[in-house]
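Please consult the sequence and the model while reading.

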Amino acid sequence: MAAVDLGATSGRVMIGRVGAGVLELEQVARFANGPVQRADGWHWDLEALSANVRAGLAEALRREPSIESVGIDSWAVDYGLLGADGLLAEPFHYRDERTVRGVDAVHAVVPFEELYRRNGLQFLPFNTLYQYAVDARLADAEASLLIPDLLAERLTGRRVAERTNASTTGLLDLHTGQWDHALAEALGIPISVLPPLVDPGETIGAAGEVAGLPVIAVGSHDTASAVVAVPLSTPHAAYISCGTWGLVGLELPAPIVTDAARAANFTNEGGVDGRVRFLRNVTGLWLLSETVRAWSEADGAPVDLPSLLAAAADAPTPARLFDADDPSLAAPGNMPERIATLLGMPAPGAEARPAFVRVIIESIAEAFARTVRAAADLAGREVDVIHLVGGGALNALLCQATADRSGLPVLAGPVEATALGNVLVQARALGAFGADASLEDLRARVAETFPPRRFDPHP
């Protein structure tokens with residue numbers, strides 16, 4: 001299988017191999033991704049992203065001509081509008097400030113309390129329905145496709161919406177799993193732009209320019225794919241899928257839309273096989289990557305992050321933290337200065353950078369621990385272990401700090417959970433695990449192949 005895995009800072013194309021006693025990934029392409037500033041705000045460079053995906057798939061086929069299918073996952077909420085002749089404009093980036101106006105426009109028609117009962121989503125000012133509310137081009141569009149569906153359309157010509165990612169738009173009915181046409185009409189969103197829904201495991205179409213391979217819908221929201229590959233070790237496990245964001249929560253059989261869940265800003269997003277991802281978005285390694293980017297630009301040379309993290313581990317545990325979810329930290333640029341402002345201190349000089357990084361890591365860990373406790377309370381279950389997957393699993397300082405601050409063991413890995421989940425859903429659709437293979441069967445294979453690293457809380 002070829003897995004296209006797109007994040008907010010980079011994208012990869014991976015070859016996945018699944019067979020008797022085999023579950024492995026090979027990265028064949030990696031490319032930068034991120035916001036680009038245009039005259040009207042922050043956007044995604046979709047043409048560059050699409051070209052990189054095509055080049056990566058071509059390289060995957062060159063290395064492994066026996067590839068049988070393609071799956072695509074990415075971040076959520078952002079979309080491209082299509083007309084008869086293709087894309088109407090570059091997709092906006094979710095961090096563009098235009099979305100703030102959309103919040104007031106939507107809530108003036110449908111109060112947030114009602115929205116939560118209908119779609120189960122936590123309040124995030126960049127959710128798709130808020131973006132729609134300020135998108136003047138929406139009325140001219142034939143279809144609106146989220147990023148993975150947009151790339152699948154470029155490969156197959158078919159316009160569909162994969163259900164786990166559609167659940168992040170705010171327009172999917174929490175109880176029926178279908179588009180909420182009444183809500184869309186109330187908000188002035190033309191229902192004609194909402195494409196047919198498909199489930200993970202369904203074939204979207206054939207990629208004519210990629211050897212005619214089938215493009216199989218996976219959990220196209222990257223967190224949905226990542227959760228597939230979380231080797232949940234007990235029925236009471238919590239998970240953190242940690243990259244730019246930390247997605248912190250529980251896998252549940254049914255949503256929780258109580259007033260308490262709404263007040264705590266927890267979301268109920270669709271998972272593979274109809275599971276519910278009950279979680280909260282917590283700002284993750286975005287804070288560290290933006291800080292390091294700012295220092296690299298100031299120095300005129302890349303900052304050595306591994307050395308910086310090693311030095312941070314030797315710094316004293318900070319007495320003061322900041323709120324990792326403070327709205328002032330949402331936009332790109334000047335991250336060290338903005339964090340320093342929250343801490344009531346000047347921006348650090350070069351000699352103080354390790355201690356400053358330690359503050360960042362501990363603040364993220366505290367937000368993770370607080371959110372795990374809240375999820376457990378809202379679901380009425382006792383959490384006994386935290387599984388931390390994604391790029392954050394490589395950050396031993398973050399894993400240990402999360403264990404210490406939560407008082408729970410942290411099992412770190414797999415790092416490539418999202419790509420693994422993408423591959424596993426494709427493989428199951430192709431019959432690699434048998435017709436009745438469950439998520440638990442897939443996770444058992446992950447646990448056997450990628451034993452996690454354990455971090456116990458310090459006394």
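Which residues does Ser296 touch, not counting residues up to four places away in sequence? The model shown here is a predicted one.

## Ser296 and its surroundings

Ser296 touches Ala301, Pro302 and Val303, with residues up to four places away in sequence left out of the count. Ser296 itself belongs to helix 10, which covers residues 286-299. Its relative accessible area is 17%, and because buried means under 20%, Ser296 is classed as buried.

In soluble globular proteins, nonpolar side chains tend to be buried together. The largest nonpolar core in this model has 80 residues, of which Leu171 and Leu287 touch the most other members. Helix 13 gives the most to this core, contributing 12 residues. Apart from it lies another core, of 68 residues, including Ala76, Leu145, Ala217 and Val218. The contacts of Leu171, not counting residues up to four places away in sequence, are Leu129, Tyr132, Gln178, Trp179, Asp180, Leu183, Ala184, Ile189 and Leu194.

Helix 13 runs over residues 353-379 and has 27 residues. From its first C-alpha to its last it reaches 39 Å, close to the 39 Å expected at 1.5 Å a residue. Gly380 follows helix 13 and has a positive phi, near 65 degrees.

## Aromatic rings

The structure holds 10 aromatic pairs. In one of them, the ring centres of Phe112 and Phe123 are 6.0 Å apart and the planes stand at 80 degrees, so the pair is edge-to-face. This pair links distant parts of the chain, 11 residues apart: Phe112 is in helix 3 (residues 112-119), and Phe123 is in the loop between helix 3 and helix 4 (128-133). Phe112 is buried, at a relative accessible area of 16%, whereas Phe123 is partly exposed, at 28%.

Ring pairs also link Trp44, Trp75, Tyr94, Phe126 and Trp245 into a cluster. Two arginines place their charge over a ring: the charged end of Arg95 sits over the ring of Trp286, 3.8 Å from its centre, and the charged end of Arg98 sits over the ring of Phe92, 3.8 Å from its centre.

## Salt bridges

A search of the whole structure finds 33 salt bridges. Within helix 3, Glu114 and Arg118 lie 4 residues apart, about one turn of the helix, and their side chains meet in a salt bridge (2.9 Å, N to O). Both residues are partly exposed, Glu114 at 27% relative accessibility and Arg118 at 23%. Arg118 also forms a salt bridge with Asp180, with the closest N and O atoms 3.0 Å apart. That pair links distant parts of the chain, since Asp180 lies in the loop between helix 6 (163-166) and helix 7 (181-186), 62 residues from Arg118. Asp180 is buried, with a relative accessible area of 7%.

Salt bridges that share partners join Arg17, Glu24, Glu26, Glu59, Arg62, Arg63 and Glu64 into one network. Within it, Glu59 and Arg63 meet at 2.7 Å, N to O; they are 4 residues apart in helix 1, a separation of about one helical turn. Arg63 is partly exposed, at 37% relative accessible area.

## Glu64

Glu64 is found in the loop between helix 1 (46-63) and strand 6 (70-73). Leaving aside neighbours within four places in sequence, Glu64 is in contact with Ile15 and Arg17. The C-alpha atoms of Glu64 and Ile15 are separated by 7.9 Å, although the two residues are 49 residues apart along the chain.

Note on methods: Residues are numbered from 1 along each chain as its sequence is written. This is a predicted model: local features need pLDDT of at least 70, side-chain atom pairs count only at pLDDT 80 or more; totals for chains, interfaces and linings use all residues. Side-chain values use heavy atoms; hydrogens and water are left out. Helices (H or I, at least four residues) and strands (E, at least two) are DSSP runs, numbered from the N terminus. The expected span of a helix is 1.5 Å times one less than its number of residues. Contact means heavy atoms within 4.5 Å. A nonpolar core is a set of buried Ala, Val, Leu, Ile, Met, Phe, Trp, Tyr and Cys residues joined through side-chain atoms within 4.5 Å. Buried means under 20% relative accessible area, exposed over 50%, partly exposed in between (1.4 Å probe, protein chains only). Rings of Phe, Tyr and Trp (its six-membered ring) pair if their centres lie within 6.5 Å; planes under 30 degrees apart count as stacked, over 60 as edge-to-face and the rest as tilted. A charge sits over a ring if NZ of Lys or CZ of Arg is within 6 Å of the ring centre and within 35 degrees of the ring normal. A salt bridge is a side-chain nitrogen of Lys or Arg within 4 Å of a carboxyl oxygen of Asp or Glu.
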